[in-house]
Amino acid sequence: MHEIEIDNDSGFCFGVVTAINKAEEQLNLSERLYCLGDIVHNSDEVERLRNRGLETITHADLQKLSGVKVLLRAHGEPPSTYAIARSRDIEIIDATCPVVLALQKRIKETYCNAVSGLQIVIYGKSGHAEVNGLVGQTEGSAIVVEGIKDLDKLDYNRPIALYSQTTKSLDGYKNIIEEIRRRIAPGVEFQSFDTICRSVANRIPKIRHFAASHDAVIFVCGAKSSNGKILFAECREANPNTHMVTTVPDDIPLESLREAKSIGICGATSTPRWLMEQVRTYLLNTL
């Protein structure tokens with residue numbers, strides 16, 4: 001008999017819950033709502049909402065629409081998106097995460113009040129929706145660094161203000177700070193602002209503990225989830241017998257689980273609880 005447990009700390013973060021609630025509220029009022037980009041990096045949840053009338057569109061699509069409602073997901077958008085919506089008589093349903101909104105405001109204030117030569121640097125994934133929204137607060141001038149290798153982009157004789165994408169790891173951010181401090185020229189100002197969401201960052205020690213307490217772990221995650229890649233790596237480090245599942249049930253490695261007495265199921269901040277429960281039901285009926 002297998003013991004199968006779902007991690008109670010896994011699943012949607014506050015920002016994603018709010019975005020999905022707003023989408024469902026609007027869909028209860030009308031048959032169609034547009035969403036700029038996937039509402040969450042999980043194809044199963046996107047498909048569930050698509051069946052209810054939520055249509056995912058691109059930025060190119062946005063410029064062709066008019067007189068409709070468009071939901072902005074938790075990741076946030078640059079000012080240019082709001083300007084396009086106004087010009088096209090599009091009603092924005094803004095589901096930007098409050099943590100991201102606060103970060104956008106701080107970066108915009110820094111940019112508007114910048115001293116001469118200031119470099120605004122964002123530690124994050126280049127091209128990520130949240131990062132695009134943050135860079136947009138600086139009219140595209142912010143420098144994005146994904147890791148130590150990208151720090152060669154900076155001029156260490158000019159002042160630096162460093163921010164972070166909200167879902168990056170604390171350890172990674174600390175490493176970036178230490179390296180910039182090591183390189184910065186004497187007397188040049190360097191400020192760093194801890195803008196990492198604690199509700200996400202605090203999941204790392206919890207999910208490591210959860211993974212280590214089971215013989216095998218199933219990590220349920222959408223292929224596009226940046227947060228999922230980080231948490232999966234943490235799980236696998238804590239328990240090498242960890243398997244990522246992006247498609248249920250096709251990706252579930254049954255043969256690797258048959259000898260496990262205790263199986264843990266966990267996921268990213270973009271993983272719906274109902275999908276983890278579906279995995280548990282499948283395992284109970286199959287193993």
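A: Glycine 222 sits in the loop that joins β10 (216-220) to α10 (226-238). Helices (H or I, at least four residues) and strands (E, at least two) are DSSP runs, numbered from the N terminus. The model is predicted: local features need pLDDT of at least 70, side-chain atom pairs count only at pLDDT 80 or more, and totals for chains, interfaces and linings use all residues. Residues are numbered from 1 along each chain as its sequence is written, and side-chain values use heavy atoms, with hydrogens and water left out.

Glycine 222 has a relative accessible area of 7%, so it is buried. Buried means under 20% relative accessible area, exposed over 50%, partly exposed in between (1.4 Å probe, protein chains only). Neighbours within four places in sequence aside, glycine 222 is in contact with His41, Asn42 and Thr246. Contact means heavy atoms within 4.5 Å. Alanine 268 is 46 residues from glycine 222 in sequence, yet the C-alpha atoms are 8.3 Å apart.

Phenylalanine 219 in strand β10 and phenylalanine 232 in helix α10 are 13 residues apart. Both are buried.

An α-helix has 3.6 residues a turn, so residues three or four places apart point the same way.

Last, the aromatic pairs. The whole structure holds 3 of them. Rings of Phe, Tyr and Trp (its six-membered ring) pair if their centres lie within 6.5 Å; planes under 30 degrees apart count as stacked, over 60 as edge-to-face and the rest as tilted. Tyrosine 123 and tyrosine 173 have ring centres 6.0 Å apart and planes at 15 degrees, so this pair is stacked. Tyrosine 123 lies in strand β6 (residues 119-123) and tyrosine 173 in helix α7 (residues 170-183), 50 residues apart. Tyrosine 123 is buried at 6% relative accessible area, and tyrosine 173 is buried at 3%. Phenylalanine 219 and phenylalanine 232 form a tilted pair, 5.8 Å centre to centre with 50 degrees between the planes.
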